[in-house]
Structures are given as C-alpha cells and as structure tokens.
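Take a first walk through this model, one region at a time. Keep the sequence and the 3D view side by side.

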Amino acid sequence: MRVPNSVVLPVGTHVDCCQEEEVEKKRHDIMAKIATMLAERKSNLAHFINNLEGSEEPEFYMDQWERLKEMESCTLTILNLVAVNCMDHHDIKKLEATILEHVKNEELFPEVVRVLPPVYRQVEAAIVDIAQSEEVADHGMMDLQYLLSKLSQCEHLANLGRELLQDILRYLHRIGLVVWYEEIKHLESTVFLQPAFLITMFKLLVRYRLVQQLESIS
C-alpha cells in the first residue's frame, strides 16, 4: 500500500484441505475483503487529509499532509487470487506460469520491455564467478570498493566506475542476485554476494515465539 504502482497477486494455499465448492466461495470472500480494505483505506486517508486542511493552523501539519497525499496517490493493482495445493507439483507449476504471464504484461509492468546495456550482463556474470570462487567466504560479504577493484581486473570491465556499479547493483538487488542495503548507513559499503546466507542467518535469529522460547530456559 505504500509502494507506488505496486501489483499484488494474492495466493490461497491449502486447497487440499477444502472441498471444491469451498475454494470458489473462499476466493470470492477474500477478494471482497481486500476490496473493502482498500475502500476503507481510501476513505480514511481522505478523512485525515480533510482534517489537516481544516485545522486552524494547517501550515504546522504540512509534512503530515504531504505524506498522506503521497500515500493517497499510490496506485495498487490487485490481481485475481490464485488457489493452489502446495502438495501438488502441477499446482506449483501453474502458479509459476501465472506469475510469469503477469510479469510479461506490459500494461502492468511497462519496464518489462526495457533492454539492459551489455555491461549489466557482463557485471552480473563476473559477480557470479566471483561469488563462486574459492577466495570468497561462505557468507559472501564483500566491501563495495573491493568488489569494484575485482571487477575492474576483468579486461572488458577495466573502465567500470563506482557510480555505474551502484546502478547495476540496484538492478541485481531487485532481481535477487545480490543483496545491497544502500539505504542503511552501516551496510551501504557491504555487498552480500550470497543472499542465501542471509536467509539462513535470519532463520536462526528470527524465530516464531522466540521470546517465549527464551523465557522457558531456566
């Protein structure tokens, strides 16, 4: 709801636990609830904005007003819910095909037809080679400047600059090849070449009912 022009594909799982007629009923119920939620959000935003505009000193609330107007302008496209049985490989392939079909829809994703410069593919291939090399630790963490120096050793990337590399890393971050938290000050100079390592670490640290588990230890 806070991402401009976002597209959401609702997925209903555990179809195997429902009767066939139940699945369609639940699908309609979920989509109706989503529509109601979006309508309430739109109404609430309009109400808050009107309250700020009608206040005695609206200039004091300009920051809040601008933020609310920004949220109000965010369009949100909700696609039809896909119901799947996660125990059925055929259903998983059906979900995959549905996602790919939507992603290739130029009306939903206008940038899907954008052609990447060759250097993007060259850097991507070079980073894959670096990540798979023996000199890189299992955690795959690498200093941004050091990564640039490693890439610059490639003959066809000798002129690669930091600014272009950062643009390419943003793209590689979006497609999930690397993880780069450029918006976090303490991590902006670190590139994670092995995203799977972060997932493993989070699974160890972030656990369901963690507080209760810790409190149960004598």
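This is a predicted model: local features need pLDDT of at least 70, side-chain atom pairs count only at pLDDT 80 or more; totals for chains, interfaces and linings use all residues.

Begin with the overall layout. The domain assignment gives domain 1 as residues 7–104 and domain 2 as residues 118–201. Their C-alpha centres lie 33 Å apart. One pair of residues gives another sense of distance. Phe192 and His47 are 145 residues apart in sequence, and their C-alpha atoms are 43 Å apart in space.

The largest nonpolar core has 23 residues. Which of its members touch the most others? They are Ile127, Leu147, Leu151, Leu169 and Leu193. Three helices each supply at least two residues of this core: H4 (118–132), H5 (144–152) and H6 (162–174). Helix H4 gives the largest share, with six residues.

Neighbours within four places in sequence are left aside here. Beyond them, Leu151 is in contact with Val123, Ala126, Ile127 and Ile130, and also with Leu157, Leu160 and Leu165.

Next, see how the helices pack. Two packed helices are described by the angle between their axes and the distance between the axes. Take H4 and H5. Their axes are 10 Å apart, and the packing angle is about 105°. An angle of 65 to 115 degrees counts as roughly perpendicular, so H4 is roughly perpendicular to H5. On the H4 side, the contact uses Val123, Ala126, Ile127 and Ile130. On the H5 side, it uses Leu147, Lys150 and Leu151. By class, this contact has six nonpolar residues, one charged residue and no polar ones.

H4 also packs against H6. Here the axes come within 10 Å and cross at roughly 75°. H4 is therefore roughly perpendicular to H6 as well. Helix H4 contributes Val119, Tyr120, Arg121, Val123, Glu124 and Ile127. From H6 come Leu164, Leu165, Asp167, Ile168, Leu169, Tyr171 and Leu172. By class, the contact of H4 with H6 has 10 nonpolar and three charged residues, and no polar ones.

Start with Gln166, which sits in helix H6. Is Gln166 buried or exposed? Its relative accessibility is 19%, and the cut-off for buried is under 20%. Gln166 therefore counts as buried. Not counting residues up to four places away in sequence, Gln166 touches Leu144 and Trp180.

Phe192 belongs to strand E6, residues 190–192. It is buried, with a relative accessible area of 6%. Which residues does Phe192 contact, leaving aside neighbours within four places in sequence? The answer is Gly140, Met141, Val178, Val179, Tyr181 and Leu198.

The last stop is His14. This residue lies in the loop between strand E2 (11–12) and helix H1 (20–53). Most residues other than glycine have a negative phi. His14 is not a glycine, yet its phi is positive, at about 60°.

Technical notes: Residues are numbered from 1 along each chain as its sequence is written. Side-chain values use heavy atoms; hydrogens and water are left out. A nonpolar core is a set of buried Ala, Val, Leu, Ile, Met, Phe, Trp, Tyr and Cys residues joined through side-chain atoms within 4.5 Å. Buried means under 20% relative accessible area, exposed over 50%, partly exposed in between (1.4 Å probe, protein chains only). Helices (H or I, at least four residues) and strands (E, at least two) are DSSP runs, numbered from the N terminus. Contact means heavy atoms within 4.5 Å. Axes are lines fitted to C-alpha atoms, for helices over the stretch in contact, and angles run from 0 to 180 degrees between N-to-C directions. Angles under 35 degrees count as roughly parallel, over 145 as roughly antiparallel, 65 to 115 as roughly perpendicular and the rest as oblique. Ala, Val, Leu, Ile, Met, Phe, Trp, Tyr, Cys and Pro count as nonpolar, Asp, Glu, Lys and Arg as charged, and the others, Gly among them, as polar. Domain bounds come from an automatic or database domain assignment.
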